[in-house]
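Please keep the sequence and the model in view while reading.

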Amino acid sequence: MYLSKLHLDIRSPYTKKCLHDCQIMHRSIQRMFDSDRQSSGVLYRLNPQRLDVYVWSAKEPDKEDIPAGMQLIGCRDFTDIEQRIYEGQCYRFNLLAVPSKKVAQEGKKNSQRRFLYSLEEQVEWLQRKGEQNGFSILQVQQDRECMTRGKHAQKGGDNICYKGVVFQGVLQVNHAEMFKKCWREGIGPGKAYGQGMLILTNV
């Protein structure tokens, strides 16, 4: 896996479009990998204050095809670090995710995703995700809520709107292989639009 850092030039009209429409941001980032998101294993996290974007991917980005208004600061191979993950290891984590659950709609085939508003429900959601993905939460706090908006690419496409929560805290690895898969693939919905990337640092 690779972690790349991009810096956005706010003077660029294209950068402004990316910041106002998560679908344009998604397409711009995928351009560097010449494949769909699942094949390239791409997740990203935007820092709007610093105008930085961190991109997590299964392969290196194409350094010759960086989108307009973006500068590639660096790219690091995390293969060795991933191989050193073991049961019982603890990490500080930062995660922007969409705590939600699917609710059946009367008379409709598809269920609707409902955002979990209470702090207790949000923490319970994260704990369940941990149980499903080989880790447990030792400490956690919700930092802030973030809105992500855009519009689907097709003409007259539906609006995109995700309400995310920034979780910070300490986790412990209980099952190394499950946890590695979760680290690579992200947590929760909205992964194409800057949600679900699990950022780890040593305790």
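The text below describes a predicted model, taking its strands, a pair of helices, a loop residue and a sheet in turn.

**Strands S1, S2 and S3**

Strand S3, which covers residues 52-57, is mostly covered, with five of its six residues buried. Strand S1 (residues 2-8) pairs with S3 in the antiparallel sense over six bridges, and strand S2 (residues 43-47) also pairs with S3 in the antiparallel sense, over five bridges. Val53 of S3 is the bridge partner of Leu6, and Val53 also stands opposite Leu46. S2 and S3 form a hairpin in which four residues lie between the two strands, and in this turn Leu51 has a positive phi of about 60°.

| Strand | Partner strand | Bridges |
|---|---|---|
| S1 (residues 2-8) | S3 | six bridges |
| S2 (residues 43-47) | S3 | five bridges |
| S5 (residues 90-97) | S9 (residues 159-173) | eight bridges |

**Helices H1 and H2**

Helix H1 (residues 13-20) packs against helix H2 (residues 22-31) at an angle of about 120°, and their axes are 5 Å apart. On the side of H1 the contact is made by Tyr14, Lys17, Cys18, Leu19 and His20, while H2 contributes Cys22, Ile24, Met25 and Ser28.

**Asn133 in its loop**

Asn133 is placed in the loop between helix H5 (119-132) and strand S8 (135-151). A polar atom of the Asn133 side chain lies 2.7 Å from the backbone oxygen of Lys129. Leaving aside residues up to four places away in sequence, Asn133 touches Met178, Phe179 and Cys182.

**The four-stranded sheet**

Four strands form an open sheet in the order S8-S9-S5-S10, and their pairing is antiparallel. Because S8 and strand S10 (198-202) stand at the edges and have a single partner strand each, one side of each is left without a neighbour in the sheet. Neighbouring strands of this sheet are turned against each other by 15° on average, with direction ignored. Within the sheet, S5 and S9 run antiparallel and are joined by eight bridges, and Ala97 has Val165 in S9 as its bridge partner. Helix H5 packs on the sheet, where H5 touches S5, S8 and S9, and the direction of H5 makes about 110° with that of S8.

Note on methods:
Residues are numbered from 1 along each chain as its sequence is written. This is a predicted model: local features need pLDDT of at least 70, side-chain atom pairs count only at pLDDT 80 or more; totals for chains, interfaces and linings use all residues. Side-chain values use heavy atoms; hydrogens and water are left out. Buried means under 20% relative accessible area, exposed over 50%, partly exposed in between (1.4 Å probe, protein chains only). Two strands pair if DSSP finds at least two bridges between them. Axes are lines fitted to C-alpha atoms, for helices over the stretch in contact, and angles run from 0 to 180 degrees between N-to-C directions. Contact means heavy atoms within 4.5 Å. A polar contact is a pair of N or O atoms within 3.5 Å; within protein, one must be able to donate a hydrogen and the other to accept it, and residues adjacent in sequence count only if both atoms are side-chain atoms.
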